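Dear colleague,

Please find the structure below. My notes on its aromatic rings follow.

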Amino acid sequence: MENNKRPENMERITTTALAEKFIEEQVTELRGQIGNKKVLLALSGGVDSSVVAALLIKAIGKQLVCVHVNHGLLRKGEPEQVVEVFRNQMDANLIYVDAIDRFLDKLAGVSDPETKRKIIGKEFIEVFADEAKKLDGIEFLAQGTIYPDILESDGVKAHHNVGGLPEDLQFELVEPVKLLYKDEVRVVGKTLGLPDEMVYRQPFPGPGLGVRCTGAITRDRLEALRESDAILREEFAAAGLEGKVWQYFTVVPDYKSTGIKDNKRTFEWPAIIRAVNSIDATSASIEEIPYALLGKITNRILAEVPGINRVLYDLSPKPVATIEWE
């Protein structure tokens with residue numbers, strides 16, 4: 001599709017039958033565009049890149065090379081899920097890059113939010129470019145661009161073109177879902193057989209947990225954030241709130257307070273619960289979490305997560321607050 005404008009008569013993909021028709025058309029179109037060449041894709045595990053990967057695997061199989069960069073800022077279990085779904089279940093040609101030390105060493109001592117974002121973005125580009133240069137015969141770059149990206153940015157968002165690849169990597173773009181809205185992408189993903197936890201994954205910022213481990217990131221505080229977030233998500237799922245609440249996560253800020261554990265004084269971090277509902281992220285309201293559930297989450301975090309001695313609940317809507325803390 002060379003045209004970046006969605007046809008006015010294009011039917012919304014709301015059913016499996018419509019998704020199957022779209023998939024069939026895209027498979028034909030992708031095979032025609034790509035031929036016997038190879039395609040490179042930065043596979044984050046998010047909805048858009050995962051659906052693009054599944055579509056391309058169906059169309060061209062091993063001609064697709066997926067690169068999953070683990071920068072150490074993903075949620076608990078996410079890198080493992082990407083490997084399980086795409087390499088083990090879908091037999092994808094997947095390159096897994098453990099770049100945790102590379103990213104966290106560069107972020108050490110950096111507290112300014114924008115500087116952190118720039119480091120994460122720049123490092124991702126460099127890691128991805130390093131991997132791309134090792135490969136022969138790549139002529140196409142696949143991207144998870146969706147229609148709102150085109151409407152909002154007159155092109156594609158930075159996180160979809162890997163922050164802007166170096167100029168010496170000249171690839172032709174492959175953007176099979178660029179005329180779809182997010183809800184349509186989910187229907188297509190479900191029809192392609194992707195797991196619900198991937199298809200219905202809640203919004204997740206490009207810098208990952210880097211913007212929720214506020215201030216200068218340390219490995220121990222990052223791990224406390226990852227574990228507290230996993231408990232929150234687990235309890236929301238058990239309570240039937242998964243998919244009903246737009247976005248929920250924990251924040252572990254860079255300050256400490258006194259507490260008591262095992263009859264000894266502690267000086268540890270708080271974990272802050274954030275749960276909001278929104279349609280387009282321009283505004284957000286607070287999800288009312290049942291008090292008993294809040295108590296259960298609090299008790300688990302305090303008992304199970306080293307370094308945490310308080311649990312707080314952020315009641316601030318957007319505006320005045322933003323959804324993320326950084």
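Tyrosine 181 is partly exposed, at 26% relative accessible area; buried means under 20%, exposed over 50%, and partly exposed in between (1.4 Å probe, protein chains only). The model is predicted, so local features need pLDDT of at least 70 and side-chain atom pairs count only at pLDDT 80 or more, while totals for chains, interfaces and linings use all residues. Residues are numbered from 1 along each chain as its sequence is written, and side-chain values use heavy atoms, with hydrogens and water left out.

There are three aromatic pairs in the structure. Rings of Phe, Tyr and Trp (its six-membered ring) pair if their centres lie within 6.5 Å; planes under 30 degrees apart count as stacked, over 60 as edge-to-face and the rest as tilted.

One of the pairs is phenylalanine 124 with phenylalanine 128, which is stacked because the planes are at 5°, with the ring centres 6.4 Å apart. Both residues belong to helix α5 (residues 113-133), and being four residues apart they are separated by about one helical turn. Helices (H or I, at least four residues) and strands (E, at least two) are DSSP runs, numbered from the N terminus. Phenylalanine 128 is buried, at 0% relative accessibility.

Tyrosine 147 and tyrosine 181 form an edge-to-face pair, 5.6 Å centre to centre with 90° between the planes. Tyrosine 147 is in helix α6 (residues 147-153) and tyrosine 181 in the loop between β5 (172-174) and α7 (182-191), so the pair ties together parts 34 residues apart in sequence. Tyrosine 147 is buried, at 6% relative accessible area.

Regards
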